[in-house]
Amino acid sequence: MKHAFLALAAGTALLYGVPAAAQSTDLAKAVAADYDAKLEALFIDFHKNPELSYKETRTAAIIAEEWRAVGWDVTEKVGGTGVVAVMKNGDGPTLMLRADMDGLPLVEDSGLDYMSTVKQVSIDGEEKPVMHACGHDVHITSLIGTARRLSAMKDQWSGTIVLVAQPAEERIGEAKMMMDDGLYSRFPKPDFAMAFHVSADTPTGKLALSEGISYSSVDTVDIIVHGVGAHGASPHRGKDPIVMGAQIIMGLQTIVSREIAPLKPAVITVGSFHSGFKHNIISDRAVLQLTVRSDDDETRQKLLSGIKRVATNVGRMNDLPEDKLPEVKVSHEATPAVYNDAALTKRVQTVFKNRFGADIFDNKPRQGMGGEDFAYFVSPNTDVPGVYFNVGGTPQADFDAEEAGGKPVPSHHSPFFKVAPRESVTLGTEAMTAAALDLLAPQAE
């Protein structure tokens with residue numbers, strides 16, 4: 001019964017006798033007015049005061065306060081610093097809208113006059129600089145804007161909406177923790193879920209949305225190589241963990257190139273290799289840090305089992321005893337792949353096309369294998385169809401300048417990252433609100 005809602009035609013021509021074009025104009029004007037009166041100041045505050053993963057107490061408190069102020073039933077500290085808000089408005093399906101809210105450990109160098117200069121002690125116990133280098137400040141500001149619009153437009157929708165401000169997306173941990181803390185049992189379980197990401201690679205005024213794979217699975221892996229220390233002049237008296245680490249790195253590349261089918265996307269990247277203290281000392285330990293990406297569970301398991309096999313047998317090849325073989329540790333910082341539900345995606349695409357015009361879409365093929373723990377909310381075992389889309393964040397003029405030989409457009413997770421806030425926040429808010437109004441449109445009796 002729940003998925004029958006998706007079969008309904010999107011883009012209703014009349015709603016309570018108001019022409020669709022008028023509805024579109026009125027919503028756009030209301031969002032723009034909200035941005036001038038409220039959302040711009042919130043965005044600047046969030047950007048200037050970012051918080052690291054699992055430490056988002058100030059951010060969460062502001063979001064909770066803003067949602068309560070417009071009539072939502074708010075619960076704080078869900079799975080840590082997560083915030084959940086519920087609004088029930090008659091009969092109908094349940095829709096979940098999610099935004100992530102953590103920053104990254106970077107020194108900002110964007111040149112903005114509201115740059116972050118914040119430092120914060122992370123959950124690892126180290127003081128680090130903090131920057132919103134992935135646009136989560138856009139996401140939470142837009143979700144506040146969406147909450148304000150939906151609260152003001154209760155005569156135009158029927159059902160239940162659940163808002164989720166999720167911490168620790170950058171460490172792909174908190175979505176699972178919120179689920180483990182009863183997100184789908186303590187609160188109404190959604191019939192469908194939505195989220196968006198602002199994209200520095202997409203021009204402002206554009207949306208990107210397609211069926212199927214949206215984000216890859218992510219696994220975080222550590223390999224600890226145990227060696228036997230010795231003088232650098234007498235390598236035969238030791239077991240060199242740096243040499244073994246290098247052999248492991250090269251062996252890992254054959255997993256992708258020789259064990260995974262060529263048309264199956266897969267990535268094993270060694271992002272860190274630490275060992276040794278001095279030129280002439282053979283260390284007794286090396287640590288490799290890996291990120292592992294795939295688009296399906298079969299490939300994911302092949303990669304993880306292959307990593308363990310290669311690392312272990314490099315140790316044996318170097319005549320290490322069984323109790324000194326390399327250790328492979330797969331972290332809890334992991335997420336499955338995100339797949340956009342086909343029926344829900346088609347419906348939301350129709351909403352966006354009817355509202356913004358067919359040229360709103362900028363669906364370029366994926367160029368990388370980024371991950372998103374939104375997957376935990378919409379994984380197959382939840383029976384919750386989901387849609388995750390992108391909102392353009394960079395003015396077209398910046399792309400044109402880069403093409404002409406100017407400065408490159410800063411990427412996500414860069415100290416130079418920045419987006420056009422007004423264009424990003426207002427389009428994200430309007431798109432989320434429009435989709436919600438369609439999915440929860442009152443049904444004729």
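The count of salt bridges comes to 25 in this predicted model.

Arg-148 belongs to helix H3 (residues 136-152) and Asp-34 to helix H1 (residues 20-48), so the pair ties together parts that are 114 residues apart in sequence. Asp-34 is buried, because its relative accessible area of 7% falls under 20%.

Proceed to helix H4 (residues 174-180), where Lys-176 and Asp-180 stand 4 residues apart, about one helical turn. Their side chains meet in a salt bridge at 3.0 Å, N to O. Lys-176 is partly exposed at 37% relative accessible area, whereas Asp-180 is exposed at 57%.

Next, select Glu-327 and Lys-329, a salt bridge whose closest N and O atoms are 3.9 Å apart. Glu-327 is partly exposed, with 31% relative accessibility, and Lys-329 is also partly exposed, at 43%. Then display Arg-98, Asp-100, Glu-372 and Asp-373 together: a network of salt bridges links them.

For the sheet, colour the strands in the order S3-S4-S8-S5-S9-S19-S10; these 7 strands form an open sheet of mixed pairing. Its edges are strand S3 (73-78) and strand S10 (207-208), each pairing on one side only. S3 pairs with strand S4 (residues 82-89) in the antiparallel sense over 4 bridges; Val-74 has Ala-85 in S4 as its bridge partner.

Finish at the surface, where Asp-398, Asp-400, Glu-402 and Glu-403 gather in a patch of negative charge. Glu-403 lies in helix H10 (residues 396-403) and is exposed, with a relative accessible area of 71%.

Methods
Residues numbered from 1 in each chain as written. Predicted model: local features only at pLDDT ≥ 70, side-chain atom pairs only at ≥ 80, totals over all residues. Heavy atoms only, no water. Patch = residues over 30% accessible without salt bridge, like charges linked within 9 Å, V, L, I, M, F, W, Y side chains within 5 Å. Areas by Shrake-Rupley, 256 points an atom, 1.4 Å probe, with all protein chains shown as cover. Salt bridge = Lys/Arg side-chain N within 4 Å of Asp/Glu carboxyl O. Lys, Arg positive; Asp, Glu negative; His and termini not counted. Charge placed at Lys NZ, Arg CZ, Asp CG, Glu CD. Helix = DSSP H or I, 4+ residues; strand = E, 2+ residues; numbered from the N terminus. Buried < 20%, exposed > 50% of the residue type's maximum accessible area, 1.4 Å probe, protein only. Pairing = 2+ DSSP bridges.
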